[in-house]
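User: I would like a close look at one ligand site in this model, and then at the parts of the fold that can be described with it. Please keep it plain.

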Amino acid sequence: MLPQKRGQIPSRIAMNCYWKVLPIFLLFLPSSLSLQPARPRVLLVSFDGFRWDYIYKVSTPNFHYAMENGVRVKQVTNVFITKTYPNHYTMVTGLYAESHGMVANEMYDPILNETFSLNKMDVHNSKFWEEASPIWVTNQKEGHKTGAAMWPGTDVKIHGVFPTYYMPYNESVSFEDRVARLIDWFTSEEPINFGLLYWEQPDDMGHVLGPENPLMGPVISDIDKKLGYLISELKKAKLWGAINVIITSDHGMSQSSSERLIELDQYVNRGLYTVIDHSPAVAILPKEVGNHGYDNILPEMHPIFVAVGPAFRKNATREGMNATDLYPLLCHLLGINPLPNNGEYHANATPRSCTATVARLIMLGTIFYLMLKISLSKKNNRGGSAYGE
Ligand SMILES: *[C@@H]1O[C@H](CO)[C@@H](O)[C@H](O)[C@H]1NC(C)=O
Ligand SMILES: *[C@@H]1O[C@H](CO)[C@@H](O)[C@H](O)[C@H]1NC(C)=O
Ligand SMILES: *[C@@H]1O[C@H](CO)[C@@H](O)[C@H](O)[C@H]1NC(C)=O
Ligand SMILES: *[C@@H]1O[C@H](CO)[C@@H](O)[C@H](O)[C@H]1NC(C)=O
């Protein structure tokens, strides 16, 4: 189930990127050298339930600004079920839900005889999280610091570890306050290299209104303004352009309808089951509103994905990726060793860092060549060669 690919992948990526970026590199040597980050840093942002195509429903100048300055992936195949906790944990572990254990928002473990409930905010039982090790645990083991603003699981002790800095979950804390904390952590005397930021919208309103409702327009505009606020605060702190920012989501949203209803009671006696999770993967009576949790193949279930920063190309698009691929990408960006995972690292998402590697190689080559030349000319001078005269 878990592909073991440490050891072989890096060399293959290295070969790949030298080959592909060499001509580009020759054109942009000075800028790629200056863009090489002093210390790799990443900010991962999730706007819950931000469907991939919301950016085309209303004017979203800040998303488009980010896209022009970075890479957009058109289709991110998230994991089944297309719910908040399973997908947020996949993003930070690179594992499918059955491998990381967060298989739903509402769970009952018959072996533990314990329940996990997002609705009741009963999510702090470590046992439910410890089938996997999220990226912040690995990041901290490798000597780095993490800061988390409300990302699911970041206020839970997992394998004995909390993120270095984190905010206990409180949905009343404003987006602005969350951003302020992250900027403090990135710029503090003992700075973080990795930040995680979570915001509850547009998921909540998507459920209430349904994604096709025109009233979703102002909700999406508001998220765009929030992204604009984040960008302007990062610019003020001189972090924009210096750190890699990945803006994504856990899932999309689909219009549900009372005409496409399967009435469970017609098939199963209520006395024969307990409802664990009110999700399309179980059975509920939806009104004309939005829902998710459906098959992860459906385009409406897919999240947004935009990445901006020194490691990414500008104004570029990529057709597709799997949500499990985010984790190895994050590990690559942070320079930490990934644990075994279900994802794959795609070198062409980050050719700039390859460019930097090639730049380093060519720089070394140039220095070596100059040294060789100097030592040769010294030798020649000593020998009173014709070249010296
Ligand atoms: C499960 O836990 C509940 C209390 O939370 C208890 O009443 C019940 O007896 C337990 N069941 C088993 C099988 O241990
Ligand atoms: C949650 O945040 C709000 C707004 O900052 C605050 O007023 C409230 O006291 C917080 N609740 C808890 C339990 O900390
Ligand atoms: C971004 O790329 C598109 C085509 O892919 C092009 O039309 C547009 O002008 C580019 N924008 C910038 C700011 O380079
Ligand atoms: C996603 O993962 C599946 C299964 O490993 C693979 O067949 C598919 O090519 C991947 N898609 C992308 C876009 O990498």
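Which residue has a polar side-chain atom 2.3 Å from an oxygen atom of ligand 4?

Analyst: The residue is Asn 322, whose polar side-chain atom lies 2.3 Å from an oxygen atom of ligand 4. The model is predicted, so local features need pLDDT of at least 70 and side-chain atom pairs count only at pLDDT 80 or more, while totals for chains, interfaces and linings use all residues. Residues are numbered from 1 along each chain as written, chains are lettered from A and ligands numbered from 1 in the order written, and side-chain values use heavy atoms, without hydrogens and water.

Around ligand 4 stand Gly 320, Met 321, Asn 322 and His 346, each with a heavy atom within 4 Å of the ligand. Ligand 4 taken alone exposes 360 Å², and the protein buries 38% of that (Shrake-Rupley method, 1.4 Å probe). The shell around ligand 4 holds one nonpolar residue, three polar and no charged; Ala, Val, Leu, Ile, Met, Phe, Trp, Tyr, Cys and Pro count as nonpolar, Asp, Glu, Lys and Arg as charged, and the others, Gly among them, as polar.

Next, the helix packing. Helix α10 (residues 326-334) and helix α4 (residues 84-93) have axes that come within 6 Å and cross at roughly 40°. The two helices α4 and α10 are therefore oblique to each other. From α4 the contact uses Met 91, Val 92 and Thr 93, and from α10 Leu 326, Tyr 327 and Leu 330 (contact means heavy atoms within 4.5 Å). Five of these residues are nonpolar, one is polar and none is charged.

Helices α3 (residues 61-68) and α9 (residues 216-236) pack at about 50°, with axes 7 Å apart, and α3 and α9 are therefore oblique as well. Pro 61, Asn 62, Phe 63 and Tyr 65 of α3 meet a set of α9 residues that includes Ile 223, Asp 224, Leu 227 and Lys 235. This contact of α3 with α9 divides into six nonpolar, two polar and three charged residues.

Some loops have backbone features to check. Phe 80 and Ile 81 are joined by a cis peptide bond with omega about 0°, and Ile 81 sits in the loop between β2 (70-77) and α4. The bond from Gln 201 to Pro 202 is also cis, with omega near 10°; Pro 202 belongs to the loop between β7 (194-199) and α8 (203-209). Lys 238, in the loop between α9 and β8 (244-248), has phi near 60°, a positive value in a residue other than glycine.

Notes. Axes fitted to C-alpha atoms, helices over the stretch in contact; angles between N-to-C directions. Helix = DSSP H or I, 4+ residues; strand = E, 2+ residues; numbered from the N terminus. Parallel < 35°, antiparallel > 145°, perpendicular 65-115°, else oblique. Polar contact = N/O pair within 3.5 Å; in protein donor to acceptor, adjacent residues only side chain to side chain.
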